[in-house]
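Biologist: I would like to go through this model with you, beginning with the charged side chains.

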Amino acid sequence: MSPPTNTNTITVTLPQLSKTIDHSLLHPTMTDSDLTTGLQIARTQNVATACIKPYAIPLALTELRDTTVRICAVIGFPHGNSTIAMKVHEAGAAAEAAGPGSEIDMVVNVGKVLSGEWGYVRAEIAGVNEAVVKAEATLKVIFENDYLAEEHVVALCEICTEVGVAFVKTSTGYGFVKQGDGSYNYKGATVKDLKLMREKAGEKVQVKAAGGVRTLDDLLHVMSLGVTRIGATATVAILDEARRRGIGEEPTAVEFKPMGEDEVGGY
């Protein structure tokens, strides 16, 4: 009999980890100097994308030239409240400006989702996806799961699969919900939601985890669930820890500390 498999072990390489990360540069107080520093980190760490607001695309094109790091621009961020026409225009313009191979992360209209206005929601996602694909870019659709019930997440996964978007994404990292003690906080990418999204989205639809993925263990755990991209601000800490734990250019089996069903990142 073969020995039991350790379900908390995954085999990865350092380049694979770095290209799983969208380095997030989205805080509202970020100055141009902060953005430049962040883009240099994205360049040095050779991540998948630098995730920025559309106005920063020209700066990102300069800082990321001659690299394989793509630009990921956010649309309707962070609350998804713009009209369909505005989102379509903003997404198409950002994708055109960032160039072929760029990526767009669009926030759905959460109010319409909670209202069950699925025709509206589908039209929005389809319209934005069409504009993005026309510009030879890739769309990720942000659900903001902290506001939603399971049935909303399932319905959104089904719509995104039908429309043919590239990614479904858990959250913005800014979807603060009023808690029982009166404070505002968010969970972001929970294990429970990631499992549900991976199960309900089609095979060709990838899953991005955002909000709360702050350590190497978090990243390895969500990867083991089928997540292929994360949004992170702790990029340097995550990849430095990977190097300290012996992850390099060759495939390496590494153990990770799993989180509970309703948590990622120690929430």
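**Charged pairs and the interior**

Biologist: Is Lys 87 buried or exposed?

Modeller: Lys 87 is buried, with a relative accessible area of 0%. Buried stands for under 20% relative accessible area, exposed for over 50%, and partly exposed for anything in between, using a 1.4 Å probe and protein chains only. Please note that this is a predicted model, in which local features need pLDDT of at least 70 and side-chain atom pairs count only at pLDDT 80 or more, while totals for chains, interfaces and linings use all residues. Residues are numbered from 1 along each chain as its sequence is written, and side-chain values use heavy atoms, leaving out hydrogens and water.

Biologist: Which side chain meets Lys 87 in a salt bridge?

Modeller: That of Glu 124, at 2.9 Å from N to O. A salt bridge requires a side-chain nitrogen of Lys or Arg within 4 Å of a carboxyl oxygen of Asp or Glu. Lys 87 belongs to helix H4 (residues 84–98) and Glu 124 to helix H6 (residues 118–134), so the bridge ties together parts 37 residues apart in sequence. Helices (H or I, at least four residues) and strands (E, at least two) are DSSP runs, numbered from the N terminus. Glu 124 is also buried, at 0% relative accessibility.

Biologist: How many salt bridges does the whole structure have?

Modeller: The search finds 16. Another is between Arg 229 and Glu 103, with the closest N and O atoms 2.8 Å apart. Arg 229 lies in strand E11 (residues 229–232) and Glu 103 in strand E5 (residues 103–107), so this pair ties together parts 126 residues apart in sequence. Both Arg 229 and Glu 103 are buried. They also belong to a network of salt bridges that includes Asp 22, Arg 70 and Asp 105.

Biologist: And what about Lys 200 and Glu 199?

Modeller: They form a salt bridge too, at 3.7 Å between the closest N and O atoms. Lys 200 is partly exposed at 35%, whereas Glu 199 is exposed at 57%.

Biologist: Finally, which residues touch the most other members of the largest nonpolar core?

Modeller: Leu 17, Ile 104, Ile 125, Phe 143 and Ile 230, in a core of 75 residues. Helix H7 (residues 150–163) gives the most to this core, namely 7 residues. A nonpolar core is a set of buried Ala, Val, Leu, Ile, Met, Phe, Trp, Tyr and Cys residues joined through side-chain atoms within 4.5 Å. Beyond residues up to four places away in sequence, Ile 104 touches Ala 73, Ile 75 and Val 132, among others.

Note on methods: Contact = heavy atoms within 4.5 Å.
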